[in-house]
Amino acid sequence: MANFSKSSAILVFVIILFHLAGCQKDVSPSNPTIYIVGYDNLSGRQEPILWKNGIASTLSTAYADVGYTTSVALSGSDIRCRICQCCQWVFCRYLWKNGLPTSLSDGTRIVTANAVTTSGSDVYVVGDNYNTSVNMYSAILWKNGIASSLPGGNNGSSAHSVVVSGSDVYISGAMYSVINGIDTAVSTLWKNGVASSLTQSDVYPNAIAISGNDI
Amino acid sequence: MFILMRLPYRATIFNIAGGEPATLWKNGIASILAGGYSYAYDVAVSGDDVYVAGWAPNSSGNVYLSVATLWKNGVASPLSDGLTKAQANSVAVSGRDVYVVGYVTNSAGNSVATVWKNGVASSLSDGKANANATSIVIK
């Protein structure tokens, strides 16, 4: 009887342990959905890829050449990717929403979309537009597909990253100027389209993260 | 009454000619993340912690065998072994889990798209051709 009681106690203890383990699993954070974009060669050529929880799917492209997917943003159930596709020197023309492309360029200029973010129902894309007539890059913000140029230096500008905090839109990039005959890149933060130069030249802000009131 | 002045966080890449190291500006104060020529590509903030993804030269100072690196509050964690070229492109935080994506070059010389969860690598591509993971978001 004593042995039985001891065995029963151990059994109950083990059951409780399993139960607790199960409870811990139940109260742990739910598994997040992980979206990763990039490129891979699944069908004989380099193509833009979206991995959802490790499962690859190809973002089909209109041109049979190199495609890169370099930025991804979520808004509700929508997935937006910006794609860099090299085709006849017209780069990075597409913003993808749930697998369907939206052109960011009229195809006559070299356009680079460097980052995408969403705020509510608004979609913000930043990048560059290369104007071949003046051989100059111009930083561009597309808000819901509508392009607006950001002020630059006397030799143009480029935009690399965008974040939205409340009603404020912050964009990092660089303004290009020729100073004393030397090409100079001045790292820049645009707040709602107004540029403020950062202190060091030839430094390219590549990403911004917001924490509380920090940018 | 205290008025707290807050200035930008920035992760930057440096011009190639200058060869300056990857740097994080926190509240306007620059922190050098790695010696030599190095890059910082992405920054994420979770609570008080600041994470930066990029690459640094390997332990021999070889920039051609770059080490995919995650910096947490300025402290580097190598994600690759420095025997082949690797790079971290993007970082995201979900709860206590930190995810980094990038690539690691395999023995065949192909870049393998890779995701690191809390420093543990998983391949996204088969390594038969060049692939790269450039950005991550978590829902």
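I began with the hairpin of β10(A) and β11(A): two residues lie between the strands, and Asn144(A) there takes a positive phi near 50°. I note that strands here are DSSP runs (E, at least two residues), numbered from the N terminus.

The model is predicted, and local features need pLDDT of at least 70, side-chain atom pairs count only at pLDDT 80 or more, and totals for chains, interfaces and linings use all residues. Residues are numbered from 1 along each chain as its sequence is written, while chains are lettered from A and ligands numbered from 1 in the order in which they are written.

Chain A. I then looked up the pairing, which requires that DSSP finds at least two bridges between two strands. β10(A) and β11(A) (residues 146-149) pair in the antiparallel sense over four bridges. Within this pair I found Trp142(A) opposite Ala147(A) of β11(A). β10(A) (residues 136-143) is also joined to β9(A) (residues 122-131), antiparallel, by eight bridges. In that pairing, Asn131(A) has Met136(A) of β10(A) as its bridge partner.

Chain B. I traced an open sheet of four strands in the order β8-β9-β10-β11, with antiparallel pairing. β8 (86-94) and β11 (120-123) of chain B stand at the edges with a single partner strand each, so one side of each has no neighbour in the sheet. I recorded an average twist of 25° from one strand to the next; axes are lines fitted to C-alpha atoms, and angles run from 0 to 180 degrees between N-to-C directions.

Val115(B) has Ser122(B) in β11(B) as its bridge partner.
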